[in-house]
Amino acid sequence: MFQSHRQVAVSLVFGLALSGTTTTAVADNDVVIDVNAQKKGNYPLALPLAVDGDAVAKEIAQVQSFDMSVAGVFKVLDPAGFLADLKAEGLGIQPDKWKNIGALGVIKYKATSTDIEFRLYEVSKGNTAVLSKTYKRAGQTTRQIVHRWCNEVVKYYTGEPGFFGSKIAFAAKGKKASAIYAMDFDGQHAYAVSNNSSTNMFPAFSPSGGQIAYTSFMRNNPDLYVGPAGGGRPKKLSAQRGMNTGAAWSPDGSKIALTLSKDGSPDIYVINASDGSVVRRITNDRAIDTSPAWSPDGSSIAFVSDRNGGPQIFVAPASGGSAKQVSFNGSYNTTPTWSPKSGKRIIAYTTRDGGRYDIVTLDLDTKQMVRITQNEGNNEEPAFSPNGRAIAFARAGQGVFIANADGTGKAVKVWSGSATGVDWGPAPRD
Amino acid sequence: MHTVAGFGALLLSAALVVPTVWLTKSRADTNPQLADMEVIEASLAYKNTKAPKQPQKERNAPVPEVKEQGVSRDETKKPDEKKDKKDEPKPDPNEDPLAKFRRPQDPDLESGKTDDQEGAADGSELGRGNISKGDPYFQRLWADLDWTVPELARSGGLQTIACLVFSADGKITRTEFKEKGDDDIATLADKAIRDLKDKRNAAPEEVPTHLLKRLTTRGICFNLTAK
């Protein structure tokens, strides 16, 4: 019926934001329209419930679905649309049944009293699993096992480590003051890191994840303390006169950038993480300079300054030197944080737009901005996941949320209640 | 007799006293209690004549500048030298007097061949771009094709060409893959073409006369790729 097409020399091309088309007239008057999509968006993944469907199977399905939906790269398909005969399939798949619903990947699993077995299929590659793992249940919870498996799936597709099993720290108001808390990235197992009745704020995980630096008023001055991430007695690291706030660890963990006001106006300094001694002063002006954030390659420090009027984001060399303004949208931009993605210079920060506070990302090289939140309350203090695929932030009066770092999808709440100063710890060690 | 008179006097006293007490109590109940009354700070009732004012800068009237007026009486002063009009550059008759008011990117300044590649992909027949000159029916068909490819989708490098044949009323009667690989692109193309068929058959757009023969016999094909 259809005749083969032959391309002629002239190709008419036009570009759109997401895709482009080329119409190629053929000699026999047939028409072939070339549609070239730019790869973008999330990978459709089917996560059918195990056939036995017991309590463990349901927990696995629940944790796996949550992990994949916040991974920043997958679109978890609605099980209501599944056409496959799951009982007949068992741990295998009938590829055509999954193709018909638009799934590109399918994960099957089976839990016994001793093991949990997972299999990942790429529908286009037939009924042979492309990744399979079996985990012993002894010595670890079902949730931990599912997190480990999901990290394997993310690594298979992206080559990057997943962030399932990592931790998020934040400051939350108590009855008298605010304390530092940490929890699993999905909001489970929250616990207090600080143990005093004073105001504690601005937690920052060390690169290894073993320590948390935070500012506390326990000696009536905002001093910087470093304590075990699991909770315990902290060590006073910096107690200069005035502010010792907003700690940011260098990538190698040997130094900390922070705001000190010992010489008058708040400026950015770098101190030794071992003894708190000042290494160098990064800014020196009469403006207020706060919220330092170290770039993943250690070469730059982003911070907030009102030297040109309202608060804006600036970037200065970590070795010292002149700072350059990088944010120009609106009149209020604060709390910068760097994406850990190597080879890219992307920051996320809080911006005020139309009287509301929202999260945006900015590629410092291409100047492309992506909006992460909009028309959903006041969102502040972003923190990238260890692989840069997701962003955690605080929504005023509601809690801690996670959203895809590419601006797609909807933010997911992982903590209900007051929360400020969100920081995301490193990837879990397997 | 005395007993009767005494009893009458007592009754009269009671008749006078009881209503008086009852009325007084009733009125007191309707008055506001002290706790309910608004408390006004007494000091506010008085205007403080010595209220602090914002500091004011000391201001003196400026000394008026004395300007020379009229014709100079200075006999030694030389007259101003007149500028020689011959030294002034003559205006270029070809120069655009409005040039300095134009912005650097003013489209009016562009000249030469227009960019044929521009044009709205909205199916409009109007406009100067080549794509705008394309058939609006194909443009709308392209717009209905939801061809999106996820970042992680794997491509085997083979072409995926899907062809559609229409009935005169605009329904898609047949779909066929002329070429297809076995990668994610092929799986996504399958679904995209199926969704396009469902969409068009649910709300068909009549095939225009000039395309009737082509679309109902040979059809139209999409070469679906991703970069």
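This is a predicted model: local features need pLDDT of at least 70, side-chain atom pairs count only at pLDDT 80 or more; totals for chains, interfaces and linings use all residues.
User: Let's begin with confidence. What pLDDT does chain A average?

Analyst: Happy to start there. pLDDT is the predictor's own confidence in each residue, on a scale from 0 to 100. Chain A averages 90, and 93% of the residues score at least 70.

User: Where is confidence lowest, and where is it highest?

Analyst: The lowest mean, 30, belongs to strand S1 (residues 12-15) of chain A, while S21(A) has the highest, at 98. Over residues 1-27 of chain A, pLDDT stays under 50. For that stretch, the model has 58 contacts beyond four places in sequence.

User: Now the overall make-up. How many helices and strands does chain A have?

Analyst: Chain A has 4 helices and 32 strands. Its C-alpha trace spans about 85 × 65 × 35 Å along the principal axes.

User: Could you walk me through one sheet? What is the strand order in the open sheet of 4 strands?

Analyst: Gladly. The order is S20-S21-S22-S23 (chain A), and the pairing is antiparallel. At the edges are strand S20 (289-294) and strand S23 (324-325) of chain A, each pairing on one side only.

User: How many bridges join S20(A) to strand S21 of chain A?

Analyst: There are 4, linking S20(A) to the antiparallel strand S21 (residues 300-305) of chain A. To find the pairing in the viewer, look for Asp289(A), which stands opposite Ser305(A) in S21(A).

Definitions and conventions. Residues are numbered from 1 along each chain as its sequence is written. Chains are lettered from A and ligands numbered from 1 in the order in which they are written. Two strands pair if DSSP finds at least two bridges between them. Helices (H or I, at least four residues) and strands (E, at least two) are DSSP runs, numbered from the N terminus. Two residues are in contact if their C-beta atoms, placed from the backbone, lie within 7 Å.
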